[in-house]
Amino acid sequence: MHEIITLQLGHQANYLGTHFWNTQESYFTYAEDDSPGPVDHNVHFRPGLGVDGGETFTPRVLIYDLKGGFGSMKKINALYEMEQDSDAGIPQGLWDREMTIQREPLVEPIEYQRNLDAGLPPVRLEPTSVRYWSDFNRVFYHPRSSIQLNEYDLNSKIMPFESFGLGRDLFNQLNREHDLLDRDFRLFAEECDQMQGVQIFTSAEDAWGGFAAEYVAALRDEYSKIGIMTWGLQDFEKVTREKQINHTVNLAYTLSNIVPLTSLYIPLGCLQSKLPGYVNLDPALQWHKSALLSVAVETCTLPTRLRNSFGAGRLGNLDDLASLLNVNGGQRIATLSMTVHNPNPNASRLGMPNVSDEEVGLSWDSGGYEFNGMAKRARGVQDQGSHIFARAEVVRGSTDDRAGDVATADASELPGDHQGAVFGRYLTSFTYPVIDSFPSIFSTDHTISVEGATAEEDQRLAVSTRLTTSSQVIPRLKSIKNVVSRVVGVDEREAILNDLGEFIEGFETGWNSGSDDYDD
């Protein structure tokens, strides 16, 4: 068993994490005669005992959010809370006078959560009813999983938690007082038989980037050999020029501090201008955007939690996956894209779902993201002189006879000339479940109805994802470098520019087009 511990840092990350855990919970089977499913729950869940002595199974996760970010979710949930006598007096101790207790108003749970607590069928979630990530949460967490940071309020206008330095300083302040790894992380780490690694969901353009950078540094000092996969969340919505510059500077600090210490860094965001026709989401709703991202994240990491992970080869372990993508030792930044396939029975599948469906780009270069106003690239067309170093592909809903194993693949299947590229593919018939906490963001002709189930009871998706290391990250890194050179103060500017320069050089090592098309 190779366990994975998850860190969720910030409100945006917790939206993504909630979708992820809801999906993991849906894989559980409870009937005595049911055979074990394909997912090994011990990878992401920890066994324990509830207050009544009954066995529990809760996620191996640490959830950090600001004051007011947890909504109606209680730290002590039904698995661990004890019944208390409401008439019991409050112990006075040495104080023999009356006490006045002031409580902040509680956030009332929405009807969806009330029905879950009562064991009733959940009502349909509407966009207007989802106020916090906890509103659509279906999972019980261990009491020590939830850590509220009371130093800052969520969405505060007076003290916004926005700059990299604030997050860095907050971590160091808390670490001096409590030793965060000892207080929060070590309990989960010591329960693992053989920890596979850590996956981190964090915002990358605000103060959470600074908090994450210090956390990664502490983890690397304490656990030097574990794999660390970091998902850096960015919000690609249009903002003012000043705010965009601040986001870019925060991102530069985040990359400079995290990329050298992490096994793999994946920039992640919902590129609103490049969504294909079969995706229908409200770009103003985190519930919608995080749902789209969660399908890709859950799919591309699926081989790391399957029972037959030995068949996944180098895709079945976080560190091995990072090693596959980091061919020359300098490619620690990978990009992610996803295709949700139309299950047309008349389509020529060739062992895969209908490959003619449009790809969703979820990172810098995937899907034709614009760099400093450069023209959008047509889907599937590589920039002249670009190079793919490695690609890890996971295909769900495959009808290939080799499903469950890594298919033989080589660079000849990649578009263009990419001699020497490493290509791994994992095929499985195991589709993605669309559960009641998931918004209706995909057109109905892209969902698969399970025989004998109602339309809303069990819909599934045939999905394929691609994690790619390629030279197409170079223009984005250079655009960030350009902003840093003009905005950041001289005391820290050189260090960041050197780090960004080393990242760029890493994607030029062993291959260099000799082109200066991306130079500033």
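Is Cys192 buried or exposed? At 12% relative accessibility, Cys192 counts as buried, where buried means under 20% relative accessible area, exposed over 50% and partly exposed in between, with a 1.4 Å probe and protein chains only.

1. Basis of the note. This is a predicted model, in which local features need pLDDT of at least 70 and side-chain atom pairs count only at pLDDT 80 or more, while totals for chains, interfaces and linings use all residues. Residues are numbered from 1 along each chain as its sequence is written, and side-chain values use heavy atoms, with hydrogens and water left out.

2. Overall make-up. The protein chain has 10 helices and 16 strands, these being DSSP runs numbered from the N terminus, with helices (H or I) of at least four residues and strands (E) of at least two. Of the 520 residues in the protein chain, 55% are buried. The accessible surface comes to about 23900 Å², and 46% of this belongs to carbon and sulfur atoms; such areas come from the Shrake-Rupley method with a 1.4 Å probe, and for residues only the protein chains shown count as cover.

3. Contacts along the chain. Among contacts between residues at least 6 apart in sequence, 78% join residues at least 24 apart, a contact being heavy atoms within 4.5 Å.

4. Cysteines. The count of disulfides comes to 0, a disulfide being a pair of cysteine sulfur atoms within 2.5 Å. Cys270 is buried, with a relative accessible area of 4%.

5. Helix 5 and helix 6. Two packed helices are described by the angle between their axes and the distance between the axes. The axes of helix 5 (residues 207-222) and helix 6 (residues 241-258) come within 9 Å and cross at roughly 10°, the axes being lines fitted to C-alpha atoms, for helices over the stretch in contact, with angles from 0 to 180 degrees between N-to-C directions. Helix 5 and helix 6 are therefore roughly parallel to each other, since angles under 35 degrees count as roughly parallel, over 145 as roughly antiparallel, 65 to 115 as roughly perpendicular and the rest as oblique. Gly209, Ala212 and Ala213 in helix 5 meet Thr254, Asn257 and Ile258 in helix 6. By class, this contact has 3 nonpolar, 3 polar and no charged residues; Ala, Val, Leu, Ile, Met, Phe, Trp, Tyr, Cys and Pro count as nonpolar, Asp, Glu, Lys and Arg as charged, and the others, Gly among them, as polar.

6. Helix 6 and helix 9. The axes of helix 6 and helix 9 (residues 474-487) also come within 9 Å, but cross at roughly 110°, which makes helix 6 roughly perpendicular to helix 9. The residues that meet include Ile245, Val249 and Leu255 in helix 6, and Leu477, Ile480 and Val484 in helix 9. By class, the contact of helix 6 with helix 9 has 10 nonpolar, 1 polar and 3 charged residues.

7. Tyr265. This residue lies in strand 8 (residues 264-268) and is buried, with a relative accessible area of 0%. Not counting residues up to four places away in sequence, Tyr265 touches several residues, among them Leu251, Thr254, Leu255 and Ile258. The C-alpha atoms of Tyr265 and Thr335 are separated by 8.6 Å, although the two are 70 residues apart along the chain.

8. Thr339. At 8% relative accessibility, Thr339 counts as buried, and its place is in strand 9 (residues 335-341). Leaving aside neighbours within four places in sequence, the contacts of Thr339 include Tyr278, Asp357 and Val463.
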